[in-house]
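Here is a friendly briefing to read alongside the model. Please keep the viewer open as you go through the points.

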Amino acid sequence: MYPTRDGDDARFSPARRSYVPDALTVDAVLAVARHGGMNQAAKYLNVSQQTVSTRVAKFEKHLDTRIFWRGAAGSSVTKVGHQIIRLLAGLEGALNDCAHGLEAATNNAAPMELKLVVSHTVAEIHYPQWAAAFQRSHPQTHLHMRQLNSREAQRHVLQGHAELALVEGKWVAHELHQRVIGHDELIVAVPAHHPWAESHNHNGQSMTSAAIPVTETAPITKEELQSTPLVLREQGSGTREVVEDALKAVAPPAGEFGSLGAQRTAIGALGAPGVIARRAVASQLAAGEYLEVPVVGVNFDRPLRVVWSSKNRLSDPARLFLRFLVDYTDRPFVV
């Protein structure tokens with residue numbers, strides 16, 4: 001027998017329930033309240049601004065109540081609107097619980113999707129391995145990844161276009177939560193024919209004979225590196241940030257490149273030193289095509305981070321991937 005409804009049936013009349021909006025309208029109203037405007041809400045929901053505006057306007061007309069004041073700076077919540085937002089937030093939770101319950105009851109869980117952005121270096125070196133391992137253990141969650149530099153990736157999360165960003169470097173926007181999930185090392189790499197590529201004998205004497213394979217290079221000073229045009233990543237990348245933070249001053253670059261692959265190729269093409277992730281040039285180092293040059297007193301250690309907005313509650317797929325990343329790198333973490 002089905003459970004009976006408690007209370008006076010008159011409280012649940014169709015007329016009263018007609019005030020309750022559909023799920024898409026709930027999403028639109030709450031997104032405007034949380035993001036401060038129709039345009040920002042549309043970007044977050046991945047729909048047109050007109051769609052959001054129409055849903056909100058129809059709901060306001062249905063209630064005969066203004067929820068938002070519209071202005072050039074965005075949308076602000078009215079006094080009555082605050083009460084409505086609180087009610088809709090409760091309804092949002094009930095809708096989510098109902099959706100999960102129906103999926104479990106029918107054993108027909110819909111695939112979950114997660115939008116994330118990944119910095120160029122992390123995307124080329126680390127992310128493929130992480131994503132593959134995650135998909136093997138969570139096949140129902142689909143990862144939609146976009147590749148940007150570290151600053152742009154963080155901006156993408158702040159604007160609501162993605163829930164998580166995987167970035168490298170030391171700078172994190174203050175509006176974001178962050179967690180270090182690993183480290184990698186940058187090195188100074190030069191082509192084998194570069195003047196800094198010198199082999200050494202046991203007496204510390206330099207050997208420049210072409211017949212002797214170069215296996216070790218002489219250290220250089222921080223001042224030498226500061227005054228030498230380098231092959232660098234573009235402004236805004238985590239790699240560039242670490243280099244400038246460690247050196248404090250750099251010469252005009254020999255070249256600036258927007259991807260790890262382009263920078264790696266340019267070191268050989270331009271015949272100039274580059275500061276680049278060791279793993280990115282592993283095959284070139286193993287083949288003797290490039291050589292690592294030690295720099296006295298300089299450490300290019302670079303943290304890898306996952307960041308997310310401090311203003312929005314993470315979705316279930318985002319929380320799942322966040323826990324996976326921390327577990328994968330053997331770091332204790334509680335979401």
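A residue is called buried when its relative accessible area is under 20%, exposed when it is over 50%, and partly exposed in between (1.4 Å probe, protein chains only). By that definition, both phenylalanine 134 and phenylalanine 324 are buried. This is a predicted model, in which local features need pLDDT of at least 70, side-chain atom pairs count only at pLDDT 80 or more, and totals for chains, interfaces and linings use all residues. Residues are numbered from 1 along each chain as its sequence is written, and side-chain values use heavy atoms, with hydrogens and water left out.

**Helix H7**
- Helices (H or I, at least four residues) and strands (E, at least two) are DSSP runs, numbered from the N terminus.
- In helix H7 (residues 127-137), the buried residues include Tyr127, Trp130 and Phe134.
- The buried residues of H7 line one face of the helix, because they fall within an arc of 165 degrees seen down its axis (the arc is that of the directions from the helix axis to the C-beta atoms).

**Aromatic cluster**
- Rings of Phe, Tyr and Trp (its six-membered ring) pair if their centres lie within 6.5 Å; planes under 30 degrees apart count as stacked, over 60 as edge-to-face and the rest as tilted.
- The structure holds 3 aromatic pairs.
- One of them, phenylalanine 134 with phenylalanine 321, is edge-to-face, at 4.8 Å centre to centre and 85 degrees between the planes.
- Phenylalanine 134 lies in H7 and phenylalanine 321 in helix H13 (residues 316-328), so this pair ties together parts 187 residues apart in sequence.
- Phe134, Phe321 and Phe324 form one aromatic cluster.
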